[in-house]
Amino acid sequence: VQLVESGGGLVQPGGSLRLSCAASGIIFSSKIVDWYRQAPGKEREVVATITSGGYTSYADSVKGRFTISRDIPKNTVYLQMNSLKPEDTAVYYCHTMHWNSPYWGQGTQVTVSY
């Protein structure tokens, strides 16, 4: 099982980014997939979740600004991030469970700054 994130970068406040998480070795559409983030000196926190049925949920801090979605044929989950704020700066990780074991991507850095 391998999860590979991409799409991070430097963006100004108010800008947008789209993160991608491509999976191999598992079928994403049968899994719960989460996006987490970890800022310097802080604990890793869940940002958004999509279930196998397509139900989505979000942390209060990103509700209305971030959207999690998936492309089943591409076996990829996305995180569209709009109206970015400096406090969104963090390393973002894709996560899922497979046979009761957690799998994480390598992380992608998102920096929101002028």
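Residues are numbered from 1 along each chain as its sequence is written, and side-chain values use heavy atoms, with hydrogens and water left out. Because the model is predicted, local features need pLDDT of at least 70 and side-chain atom pairs count only at pLDDT 80 or more, whereas totals for chains, interfaces and linings use all residues.

In soluble globular proteins, nonpolar side chains tend to be buried together. Leaving aside residues up to four places away in sequence, Phe28 touches (heavy atoms within 4.5 Å) Leu3, Cys21, Ala23, Val33, Asn75, Thr76, Val77, Cys94 and Thr96.

Two of these contacts of Phe28, Cys21 and Cys94, form a disulfide (a pair of cysteine sulfur atoms within 2.5 Å), with their sulfur atoms 2.1 Å apart. The bond links Cys21 in strand β3 to Cys94 in strand β9, 73 residues apart, and the torsion about its S-S bond is about -80 degrees, so the disulfide is left-handed. Both Cys21 and Cys94 are buried, that is, under 20% relative accessible area with a 1.4 Å probe and protein chains only, where exposed means over 50% and partly exposed lies in between.

Across the whole structure there are 2 aromatic pairs, where rings of Phe, Tyr and Trp (its six-membered ring) pair if their centres lie within 6.5 Å, and planes under 30 degrees apart count as stacked, over 60 as edge-to-face and the rest as tilted. Tyr36 and Trp104 have ring centres 4.9 Å apart and planes at 65 degrees, so they are edge-to-face; this pair joins strand β4 to strand β10 (residues 101–104). Tyr93 and Trp104, with centres 6.3 Å apart and planes at 90 degrees, are also edge-to-face. Trp104 is partly exposed, at 35% relative accessible area, whereas Tyr93 is buried, at 14%.

Technical notes. Helix = DSSP H or I, 4+ residues; strand = E, 2+ residues; numbered from the N terminus.
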